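Please consult the sequence and the model shown below while reading.

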Amino acid sequence: MRKQRLVVVGSGSTYTMGMMMSLIAEKERFPLKDVIFYDIDEQRQERNARATEILFKERYPELESFSYTTEKEAAFKQADFVFVQIRTGGLAMREQDEQISLKHRVVGQETCGPGGMAYGLRSIGDMVELVNDVRRCSPEAWILNYTNPAAIVAEALNREFPNDNRILNICDMPIAIMISYAKILGLDVWDIVPEYFGLNHFGWFTKIFDKEGNDHTERLKRLIMETGFTPEDEAIANDLSWQKTFEQARQMLIDFPEFLPNTYLQYYLYPEAMVEKEDPNRTRARQVIEGRQKHVHDLCDRIIEKETAEGEDLHVDIHGVFMIKAAESLAYNLNERFIVMVENNGVIPNLPAEAMVEVPALLTSQGPKPFSIGKIPTFYKGLIEGQLAYEQLVVDAYFEESYQKLIQALTVNRTVVNASKVKEIVDDLIIANEKYWPELKKNTDSSFK
Ligand SMILES: NC(=O)c1ccc[n+]([C@@H]2O[C@H](COP(=O)([O-])OP(=O)(O)OC[C@H]3O[C@@H](n4cnc5c(N)ncnc54)[C@H](O)[C@@H]3O)[C@@H](O)[C@H]2O)c1
Ligand SMILES: O=P(O)(O)OC[C@H]1O[C@H](O[C@H]2[C@H](O)[C@@H](O)[C@@H](O)O[C@@H]2CO)[C@H](O)[C@@H](O)[C@@H]1O
Ligand SMILES: [Mn+2]
């Protein structure tokens, strides 16, 4: 089996240690020659890197080399795979996004509504630059991207690199939801065969089969409605915020019982209730800073101090495993089925061909081969078209540096109804994002060509 050369971009991420444990767990199926960390923040990277070095010495002695750098050329020189999980502006800007939105009494969330829009305008520039840098050094490398808001990033990268077939945007939410389905059904998550359609963080499971072809959909729906729905992936099972989110997914199913919803639909279907639930002084970013980030930093500091990872409660998480299993399938042409983002091109014939949709696909050495979905019913088509218009307008606003396109984008987003509120929110976000966004021009030219 050919060993892979892996670069992890955004290696200072709170997810890196989980990802490294997942690489160790998958080493027989995704053997590595070397691993290189790349991040722009030397300190954030160094903490994860020094702990990883110790972890790999103890649990991955087969690895030929591990290194870390803030130099792009050194990082990208010979990669087979580049895993990307960056956060432009950091968790501090996530907190701004959430608080500014909530100040205007609209959804304050990482990837949805005004917060997601602000984050999208920050991510696009860095992601485009990164892909260009990787391609200069490693034209054939697979770039697997987790960076959010993944829907907007996918749309922007597809426009900027239309002929690059080795960029794949993925999200761990569908598989995290499937872990909960598996628990309810008494199945292993990897034995579940889902049918699913939508945009990233905006989709529905239409059928849940097992590998023998048995249809569990109606029983699953009944069990969720009658007995509840809880997060089961270890990383989120005990997190109150995720518990509330999964409980709300049960309510969505009761209200709209045709298909099983992605948890993120709660922000679009019940925006006012979501605002009521939030404390603007302690939004999700603050919980992550004091929760997951603190936990990871403390863990790394202890490993570095003791010079061993022995005795630490380190575990594999679905976030890491999902990306690595997707990489395995691409690297070794395994043709395994994953829910990923692809250009529509007729997969859903009653949506635009150029839309970046999230659907099941076989991952082959030639890239994703999506399954045909067929025409989707009017309710979902209507919701998706609005959300897609929002995502496309955000990307237009970025590339055209257009204030007006951004106003249009947020106006079609279901989380904000009132157009006068849109302008106030956008104006506040412009000030907060001065360092990150392009300077938006206020011309009012018609978009008719
Ligand atoms: N797609 C998904 O389903 C999914 C799941 C979980 C997390 N994520 C995303 O993963 C990313 C990381 O999340 P986190 O909470 O660990 O964030 P984090 O802030 O802890 O880590 C991000 C790291 O990226 C680095 N970084 C920022 N800009 C960079 C650039 N231009 N080049 C290289 N490094 C850069 C930062 O210095 C930081 O170390 C976020 O975008 C998050 O939304 C996506
Ligand atoms: O609010 P956060 O930072 O805790 O989470 C935001 C991310 O949520 C999803 O990822 C989950 C994932 O679904 C779960 O399996 C586990 O690994 O935790 C992740 C984070 O809690 C979502 O898919 C991401 O896009 C979000 O960034
Ligand atoms: Mn996601």
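## Ligand 1

In the side chain of aspartate 39, an N or O atom lies 2.6 Å from an oxygen atom of ligand 1. Such distances are given for polar contacts, meaning pairs of N or O atoms within 3.5 Å; within protein, one atom must be able to donate a hydrogen and the other to accept it, and residues adjacent in sequence count only if both atoms are side-chain atoms. Glutamate 110 places a polar side-chain atom 2.7 Å from an oxygen atom of ligand 1, and a polar backbone atom of tyrosine 146 is 2.9 Å from a nitrogen atom of this ligand. On its own, ligand 1 has 860 Å² of accessible area, of which the protein covers 95%. Accessible areas come from the Shrake-Rupley method with a 1.4 Å probe, and for residues only the protein chains shown count as cover.

The shell around ligand 1 holds 25 residues, the closest being Ser13, Thr14, Asp39, Ile86 and Tyr119. A residue is near a molecule or strand if one of its heavy atoms lies within 4 Å of it. By type, the shell of ligand 1 comprises nine nonpolar, eight polar and eight charged residues. Here Ala, Val, Leu, Ile, Met, Phe, Trp, Tyr, Cys and Pro count as nonpolar, Asp, Glu, Lys and Arg as charged, and the others, Gly among them, as polar.

## Basis of the model

This is a predicted model, in which local features need pLDDT of at least 70 and side-chain atom pairs count only at pLDDT 80 or more, while totals for chains, interfaces and linings use all residues. Residues are numbered from 1 along each chain as its sequence is written, chains are lettered from A and ligands numbered from 1 in the order in which they are written, and side-chain values use heavy atoms, with hydrogens and water left out.

## Ligand 2

Ligand 2 is surrounded by 18 residues, and the closest are Tyr15, Arg94, Asn148, Asp172 and Arg284. This shell divides into nine nonpolar, three polar and six charged residues. At least two of its residues come from each of α7 (173-185), α13 (284-306) and α14 (318-331), and α13 gives the most, with three. Helices (H or I, at least four residues) and strands (E, at least two) are DSSP runs, numbered from the N terminus.

Buried means under 20% relative accessible area, exposed over 50%, and partly exposed in between (1.4 Å probe, protein chains only). In a regular strand, side chains alternate between the two faces of the sheet. In β1, Gln4, Leu6 and Val8 lie on one side and Arg5, Val7 and Val9 on the other, and both faces are covered. Strand β1 runs parallel to β2 (residues 32-38), to which six bridges join it; leucine 6 has valine 35 as its bridge partner in β2.

Threonine 16 belongs to helix α1 (residues 16-25) and counts as buried, with 0% relative accessibility. Leaving aside neighbours within four places in sequence, threonine 16 is in contact (heavy atoms within 4.5 Å) with Gly10, Ser11, Phe37, Asn48 and Gln85.

## Aspartate 80

Aspartate 80 is found in the loop between α3 (72-76) and β4 (81-84). Its relative accessibility is 11%, so aspartate 80 counts as buried. Not counting residues up to four places away in sequence, aspartate 80 touches Arg2, Lys3, Gln4, Arg5, Ala141 and Trp142. With arginine 2, the polar contact is between the two side chains, at 3.2 Å.

## Helix α16

Helix α16 (residues 403-412) has Tyr403, Lys405, Leu406, Ile407, Ala409 and Leu410 as its buried residues. Their cover includes α5 (113-137), α15 (378-400) and α17 (419-432). At the N-terminal end, serine 402 caps α16, with a side-chain oxygen 3.4 Å from the backbone nitrogen of glutamine 404.

Note on methods
Pairing = 2+ DSSP bridges.
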